[in-house]
Amino acid sequence: MKPLTYYWNRLRGNKEEKERLLRANDRSFNLSFHYAKNEIKTSKYNIITFLPLNLYVQFTRLANVYFLLLLILQLIPEISSLPWFTTAVPLVIVLSITGVKDANDDIKRHKSDRQVNNRTVEVLVNGKLKEERWKNVQVGDILKLQNNHFVPADLLLLSSSEPLNLVYVETADLDGETNLKVKQALTVTGELGNDIEAYSTFTGEVRCEHPNNRLDKFKGTLTVKGQTHGLDNDKVLLRGCTLRNTEWCFGLVIFGGPDTKLMQNSGQSKFKRTRIDHMMNILVLCICGFLVTICVILSIGNSIWETNEGSAFTVFLPHLPDISVELSSFFIFWSYIIVLNTVVPISLYVSVEIIRLGNSFFIDWDRKMYYPKKDTPAQARTTTLNEELGQIKYIFSDKTGTLTQNIMTFNKCSINGKPYGELYDFSGHKVKILKKMERVDFSWNKLADPKFIFHDHSLVETVREGNSEAHAFFRLLALCHTVMPEEKKEGELNYQAQSPDESALVTAARNFGFVFHCRTPETITVMEMGRNVVYELVAVLDFSNVRKRMSVIVRSPEGKITLFCKGADIVICERLHPSSDKLMEATMKHLNEYAGDGLRTLVLAYKDLDESYLEGWRKRHHEASIAMEEREERLDDLYEEIEKDMTLLGATAVEDKLQDGVPHTIEQLAEADIKIWVLTGDKQETAENIGYACNILREDMNEVFVVTGNTAEAVQKELKEARQKMCPQAAAMPSMKKSHGGLFWLTKTKYLQDDKVDGEYGLIINGSSLAFALEEDLELELLRTACMCQTVICCRVTPLQKAQVVKAVKKYKQAVTLSIGDGANDVSMIKTAHIGVGISGQEGMQAVLSSDFSLAQFRYLQRLLLVHGRWSYLRMCKFLRYFFLKNFTFTFVHFWYAFFCGFSAQPVYDDWFSTCYNLVYTALPVLALSLFDQDVNSHWSFYYPKLYTPGQWNMYFNRTSFLLCIMQSCYNSIILFFIPYAALHDTVRQDGREIADYQSFAILLQTCLIIVVNAQIFLDTWYWTGINHFFLWGSMAAYFALTFTMNSNGLFFIFPTMFQFLGTGRNSLNQPNTWLIIFLTCLLCILPIVALRFIFIQTSPTINDKVRYKMRRDEIPAISLRPPATRRVSTRSSYAFSHSQGYGDLVISQKFLGKKTPRRPLLFGQKDHPLAENQPQLFRSITEEPEEPQSC
Amino acid sequence: MNMRFYRTTMKEEGNSANRPSNTAFTQQRLPAWQPMLSAGVVIPGFLLIGLAFIGIGVGLLITSRSIQVLELDYTGTETSSPCYQCTMSNQSNCVCKLSFSIGTLFKGPVFFYYGLTNYFQNQRKYGVSKDFNQLIGDVSYFKSPSSDCQPYQRVNGKPIVPCGAIANSMFNDTFKLYQIINGKEELVPFDGKGIAWWTDYNIKYRNPDYTPLKNAFNDTEKPVFWTKPAYELDTSDASNNGFINQDFLVWMRRAALPNFRKLYRRITEGNYKDGLPAGNYSLEISYNYPVISFEGTKKVTFSNVSWMGGQNEFLGIAYLVIGSMCVVMSVVMLIVYAKFRFPEED
């Protein structure tokens, strides 16, 4: 929906902007276009407009409109069966509560607007820089920003203090990413530098796109002195960014205030609704239909009565002239709509929102989902989806950063056939490494990274003894990589690496005395055991997915030329000199062990080269790298030629550290029948390894299928085979279940039914196969097979595919899905799933910003689902059942009474009782129930994850339970009406006076009703906190107190016409007879329910019943972890390289080392790497390096 | 492109500004009572409730049986009825006599009710057809009665006081009870005071503050069906006149159901303090109130009361039935429990 202001502006004649034209330093020219000023207004109201606008907004809600229509109906005397205040009071209360909340929010917005609008910035006015408030900045102004300043509007960057006119900005407020981004000004404006005079005569003209919300795109041109230059996103500073590491910069305002991309983006995000929401809508519509039906029945009844009895009764109640029987029944129809309006639970929506909000607060408040290390609590960012957390059937998880910490630790290594990194006790058995065990002391090494942890002392001793193999091993690790060092202070080294594996390896070398210190395009400086050694970097043979290895050729200060190579075991193995065979055998054994432990391994080898060979090779390499044809192939051949006959050094094992508690969490979720799909960009081996490490795949699974087909047919075949293996008897055609949904059960949707499978299976499918499988004709086959498996791992998937997978499951499975991820690549799937969970505090915030719930750790997911989700679902369902029950019971009594009052729409209860029933007497106990109720506490929830399964099958609230609700309330209403009817018939008070009058009857009935509905909640509540007690007994007390107050003399004296029930309570409720009737009626309503429940618990107990009984009997169980599944000792090799192409090119590139001119021509080919343009900011700190690389 | 850079440094620890507070409320650990429907509570509970109900039921039934009730229909639809002649439409001031005899002493105090059936005092339009403000004695509303009173708001252009259908339809049969002693009719004295609720008489209805009361009713008209205006309802007793006339009050307290009875008089005085002695009686009815047209019936009831009010066997029987059902239910549940016994192990 477009905001009101949009239409307002159109009304005022402002045409929609197609293109923006503006001129620097020319306010009058720019003003002619009426561009928006830089003043922002996020507030919606001011003092005058608040009342009308807020009311308007509130009356766009269906519930309020319904109330209003009722109120209008009630004001028509002909049909007004209930006085106006029965609707007006609740309506006014709801409106004023919402109004106060809105006003409060708006005051906050006003404050923040004022604060933002009054920030100051330097603006160039008449040739001078002048401090101006943000709100006075206009399009076309030239601004000067200082370091750490906020960008006040969308600016065209003109010039900056940094070389190449770069500026660094932090965009955390805009997209949540904390890393810096680089923007670069055009040279033509960059030349203006800091020259105020030059700027005051600058008359560049910008022609650009109209304001929009695309943060990553900008199109426009700048015309300076007749020359036109293209503008793109790199030249624009957006409002919301902060200037960093840049002394100053100049910018030209393009978009101000509401036109800025930040403000254009601050719209409402897509609104997710839960299944219960859908169901509620359907139910409400059905109930509306039901209401109309009942009213029709009653009005027909009225016309019959009028004809038969009423016409005769005209002696005492004459018909008004001009009102025929038909017209009278028509009026009665509307009168009954008013009387029975409570059957349509419009106030339900308000209550549901309150309950969800409360349960969201419990999520925010939960200390067990608070991550102290990052000071991050869990957060319910959407407060309307809670109960769906208790119904999750499929979890789609990202791997990196979600399951794993994305921290790699150098864990073990094998040097020259000798393994390091394990601890052994005296008898030679392996000892499990625990946190508290003594760590290796690296204090002898001043440059050591204090965070590096290693437990095996023997390795340090070996290195310090001067073992040449160990030295070579760590020298290789210090040289053969593409890491960038960063030394902010003397001795404080930071490494920036593309993959965490590399960082881990280089850090390991650093701690063992081979400190990679700095690099230039031609050299690498390494502090080798305290000695500075500068290696000449001859060549980098970069990593690629095909090569699966990386090499560097370096020349030591002594002139020795060596090729250092690290790579995947199989690849290196093939290229070793036969002399290493024996060593390889030993190393291979270690590698298998490492792989079995889920570690990422690399094999290291080296080769000494002689000068003459290298010269020749370099020449050929140069030729190849400038060749126009088959460059890649020729280079590959050259690499292949030189990387052979190498000598093995050893192997490294890096642990891709799982987040804490991931395996246990996954196990728990699997126990709860939640299927977990891992969607990762990683390679198959890595994904599989992690799958085993975190219990997604288990050794005791019957089989793990791997789908790697490269054609649609192959994929189909593989899927089919897997399916037939899992379930040979399954029908060839998928069985689809037709389900009805939507309004009035009109739209039909098809859902795929689950096939029965014995045993647990896993499925691994890679990206290319997935692409085929997700196509229209294979989608069903994929889902059928995949949904039979306990777990599915999709590797090498793109963000788009992630979303497609989620979408496919949503489409064909009638199940609730949840996506969890941490990175920008997970945003699509987070948005697609029913519930999106973002891991906060990792990298960037995009995932969190688009999520519904944010957690700091994956392991909190089990608490979010098994405890909070389950409780929320349970509470919401209990609430709904109770709410329908109490409203139906309340309303149906009118129906029975209609047969005894001539279908005259005579309400049974006191008007004030009707007013207060939902609002005062029954609101709070059910609120307490739906905020505090728990079947079992969190310990037991974790101990019996199976408790989660009823939610997945919609067990607590579905059509059946709704019908049961209706039946129960029907029964209740019959008892509630007919018992007092029969018992009061011809009865009198003890003193012979009247008690069977209408008012006493009403008091009797409403007292019974209140007791019955409160007894019902007494039965429904499983967890009686003090608040529950207080609310329940308080409500009962309030009922009697208010009843007696409203029947009191005092109130009657003040408002004689409004409190006509004067004295009824006193005269009726002091009779033992009345109480006997109340007692009988209430017990007759409640006892059958108790008996039925008891019998059902005995004969077919639900899992909740079982656990609750167990909980009464037993102590709280200790959460026992299953012993970790024995790892299968297999040769699942994986290698520690990042999944994207290496970037050796960048490392040796001049451009990014901040040099304007290369000192000597580059050795090897420089193909322009795409990264070079996109993300230069990653290297920003390198500009701080001293000019002379040798001096470090 | 999935390009990420990793810093080896971690964010500092120790800051915990965002840590949620550790209270039982926020952590959902509030101490709580967690009751369950266990066999130990439910089965004995049902049994006890059942037995208690049976006890109450027996008590109620005995009490109810001990109440003496005498009902006489005098609608006069049957030709044999002494009031048959009064049902003829052109009869006015018709008087009919009903004779009956009482075998044993009808214990006092005896209450004398009139009863109507098929009479819809609970019809909504009938119910709203009155003006509260008139009835609390607000004279300003005497001139302009509420429109709710339609069609009994005005007559001949003059406002009706008290207006509306309820007041208009006030029951106007009158009764006189004679005991026939030795062939002579002896009037049984009726007590017409204190038959309405105390609150109705003292608070809810008030006469305008005029002496004489008649002045307040200047320029108003009496209800159409009434034979005399409100201020002449009981000229003998000022505290029973006007809107606080007890018969009027009883009538204005409209019944919940279409069949109802209303207290007419009490028999508490003179020789009849202890009740109506056995003997022959004659009830003289001045038959004015038309009910035949809507197939209503009229009756009179003599009744005495107990601690549970008037006679109503339903309550006692209901208690007995439900009590027995509870006992049966407890046995059924015991069987179910013994047979199925909540499966102890999962």
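Okay, so B:P162 sits in the loop between β8 (158–159) and α5 (165–168) of chain B; helices here are DSSP runs of H or I with at least four residues, strands are E runs of at least two, and both are numbered from the N terminus. The peptide bond that joins B:V161 to B:P162 is cis, with omega at about -10°. Chain B has another cis bond, between B:T211 and B:P212, and omega is about -10° there too. That proline, B:P212, is in the loop between α6 (198–204) and α7 (246–252) of chain B.

Quick housekeeping. This is a predicted model, where local features need pLDDT of at least 70 and side-chain atom pairs count only at pLDDT 80 or more, while totals for chains, interfaces and linings use all residues. Residues are numbered from 1 along each chain as its sequence is written, chains are lettered from A and ligands numbered from 1 in the order in which they are written, and side-chain values use heavy atoms, leaving out hydrogens and water.

A:N25 isn't a glycine, yet its phi is positive, near 60°. You'll find A:N25 in the loop between β1 (19–23) and α2 (27–31) of chain A. A:N954 lies in the loop between α32 (949–952) and α33 (959–984) of chain A, and at 22% relative accessibility it counts as partly exposed.

Now rings. Phe, Tyr and Trp rings (for Trp, the six-membered one) pair if their centres lie within 6.5 Å, and planes under 30 degrees apart are stacked, over 60 edge-to-face, the rest tilted. That rule gives 117 aromatic pairs over all chains. One of them is A:W912 with A:F1059, stacked at 5.0 Å centre to centre and 10° between the planes. These two are 147 residues apart: A:W912 is in helix α29 (residues 911–921), and A:F1059 is in the loop between α36 (1049–1054) and α37 (1064–1069). A:W912 counts as buried because its relative accessibility is 12%, and A:F1059 is buried at 7%.

A:Y1039 and A:F1040 are edge-to-face, 5.0 Å between centres and 70° between planes, and both are buried.

Last bit, charges over rings: NZ of Lys or CZ of Arg within 6 Å of the ring centre and within 35 degrees of the ring normal. A:R20 lies over the face of A:Y35, 4.0 Å from the ring centre. In chain B, the charged end of B:R261 sits over the B:Y113 ring, 4.9 Å from its centre.

Technical notes. Buried < 20%, exposed > 50% of the residue type's maximum accessible area, 1.4 Å probe, protein only.
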